[in-house]
Amino acid sequence: MANELLGRSAVLNVVADPTKSGSGTPVKVNKLTDLSISANADEIEITSYDNAGVRDYLKGNRDFTIDFSFIFEDAASAAQKDVINSWNNLNATDGANATGMMEFNIVLAPSMIINGFMFITSLSISTGMDDVQRVDCSARCVDVNTAAEWDFIGA
């Protein structure tokens with residue numbers, strides 16, 4: 001049975017990692033309000049004359065993206081700065097040009113952790129009535145660890 005509490009306590013941790021070394025320690029993105037995970041696979045058409053007029057397909061390479069939002073803090077946390085610097089292709093420590101790559105892990109439950117590297121592909125900042133700044137982001141994930149158990153249904 002699916003865990004009805006899944007997602008209520010989801011945590012996104014990131015750290016700038018321009019060389020994809022995996023040597024950093026990702027820290028929590030504070031005030032995370034939304035997190036959406038999208039895992040897709042390409043379809044490869046393999047129809048031949050032997051298929052009697054019905055198309056045939058194979059599953060191709062997988063694709064992994066996430067969308068998330070957070071409330072921007074007046075004194076932004078290191079993780080929030082890393083997210084914004086990723087969009088600007090900046091290194092978190094010195095503002096130098098970099099790849100914008102970040103190491104990430106998403107903790108959905110104690111035994112359900114997704115990790116890998118990502119870069120921000122879309123960033124939108126909006127301000128509401130109470131001067132609360134909401135940051136909405138989309139990210140492309142690469143080198144996602146497929147060995148970790150993150151099946152939403154379970155055994």
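Which residues of helix 1 are buried? They are A79, Q80, D82, V83, N85 and S86, where buried means under 20% relative accessible area, exposed over 50% and partly exposed in between (1.4 Å probe, protein chains only). The model is predicted, so local features need pLDDT of at least 70 and side-chain atom pairs count only at pLDDT 80 or more, while totals for chains, interfaces and linings use all residues. Residues are numbered from 1 along each chain as its sequence is written, and side-chain values use heavy atoms, with hydrogens and water left out.

**Overall layout**

- The protein has one helix and seven strands; helices (H or I, at least four residues) and strands (E, at least two) are DSSP runs, numbered from the N terminus.
- Starting at the N terminus, the elements follow the pattern β-β-β-β-α-β-β-β.
- The protein has 155 residues, and 30% of them count as buried.
- Taking contacts between residues at least 6 apart in sequence, 59% join residues at least 24 apart; contact means heavy atoms within 4.5 Å.

- The seven strands form an open sheet in the order 2-1-5-6-7-4-3, with antiparallel pairing; two strands pair if DSSP finds at least two bridges between them.
- Strand 2 (27–28) and strand 3 (32–45) are at the edges with a single partner strand each, so one side of each has no neighbour in the sheet.
- Strand 1 (residues 11–16) runs antiparallel to strand 5 (residues 102–109), and six bridges join them.
- Along this pairing, V11 is opposite V107, and A16 is opposite M102.
- Strand 5 also pairs with strand 6 in the antiparallel sense, over seven bridges, and these two strands form a hairpin with two residues between them.
- V107 faces a residue of strand 6 too, standing opposite I113.
- Strand 5 is mostly covered, with seven of its eight residues buried.

**Helix 1 against the sheet**

- The buried residues of helix 1 pack against strand 1, strand 2, strand 4, strand 5, strand 6 and strand 7.
- D82 lies in helix 1 and counts as buried because its relative accessibility is 8%.
- D82 and V29 are 53 residues apart in sequence, and their C-alpha atoms are 9.4 Å apart in space.
- N89 follows helix 1 and has a positive phi, near 55°.

**The nonpolar core**

- In soluble globular proteins, nonpolar side chains tend to be buried together.
- A nonpolar core here is a set of buried Ala, Val, Leu, Ile, Met, Phe, Trp, Tyr and Cys residues joined through side-chain atoms within 4.5 Å.
- The largest such core has 24 residues, of which L12, V14, I66, F68, V83, F104 and M118 touch the most other members.
- Strand 1, strand 4, helix 1, strand 5, strand 6 and strand 7 each supply at least two residues of this core, and the largest share, five residues, comes from strand 5.
- Which residues is M118 in contact with, leaving aside its neighbours within four places in sequence? They are V14, I66, F68, G100, M101, M102, F104, A139, R140 and C141.
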